[in-house]
Amino acid sequence: MALYVEKYSSDCKDYIPRLFEAAYNLLLTTSMVPKNDVLVSRGLEFLATVSSKSDMSQQFSDETLLKKICHEVVVPNVGFRAADEEVF
């Protein structure tokens, strides 16, 4: 999704709010098991792509939303899990 939005933002600008909401809700409900690491990474990549586009950045204008993303998605996923310790 991130690559598509990056390359064809003008074609999909009508769908961005729904895609943003879907990706955000998916990130909130995804469990923190290693098999979901790629999914969470791609979801965050999509949110970053949307935020970098000037015509799509209105989704990120709410400071409350930014704090919620940081506290509920980013911070929990940067923790060091037991599974990470085994791999390391």
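1. Is Tyr24 buried or exposed? Tyr24 is buried, with a relative accessible area of 8%, where buried means under 20% relative accessible area, exposed over 50%, and partly exposed in between, with a 1.4 Å probe and protein chains only. Phe20 also counts as buried, at 7% relative accessibility.

2. A word on the basis of these values: this is a predicted model, in which local features need pLDDT of at least 70 and side-chain atom pairs count only at pLDDT 80 or more, while totals for chains, interfaces and linings use all residues. Residues are numbered from 1 along each chain as its sequence is written, and side-chain values use heavy atoms, with hydrogens and water left out.

3. The chain holds 6 helices and 0 strands, which are DSSP runs numbered from the N terminus (helices H or I, at least four residues; strands E, at least two). The C-alpha trace spans about 45 × 25 × 20 Å along its principal axes, and of the 88 residues of the chain, 28% count as buried.

4. A search of the whole structure finds 1 aromatic pair, and this pair is formed by Phe20 and Tyr24, which are stacked at 6.4 Å centre to centre with 5 degrees between the planes. Rings of Phe, Tyr and Trp (its six-membered ring) pair if their centres lie within 6.5 Å, and planes under 30 degrees apart count as stacked, over 60 as edge-to-face and the rest as tilted. Phe20 and Tyr24 are 4 residues apart in helix α3 (residues 16–29), and are therefore separated by about one helical turn. An α-helix has 3.6 residues a turn, so residues three or four places apart point the same way.

5. The buried residues of α3 are Ile16, Phe20, Ala23, Tyr24 and Leu27. Seen down the axis of α3, these buried residues fall within an arc of 100 degrees, so they line one face of the helix; the arc is that of the directions from the helix axis to the C-beta atoms. On the other side of α3, Arg18 and Thr29 are exposed.

6. Elsewhere, Val74, Val75 and Val78 make a nonpolar surface patch of about 240 Å². Patches are made of residues with over 30% relative accessible area and no salt bridge, like charges being joined within 9 Å and nonpolar side chains (Val, Leu, Ile, Met, Phe, Trp, Tyr) within 5 Å; a salt bridge is a side-chain nitrogen of Lys or Arg within 4 Å of a carboxyl oxygen of Asp or Glu. Accessible areas come from the Shrake-Rupley method with a 1.4 Å probe. Val74 lies in helix α5 (residues 63–77) and counts as partly exposed, at 30% relative accessibility.
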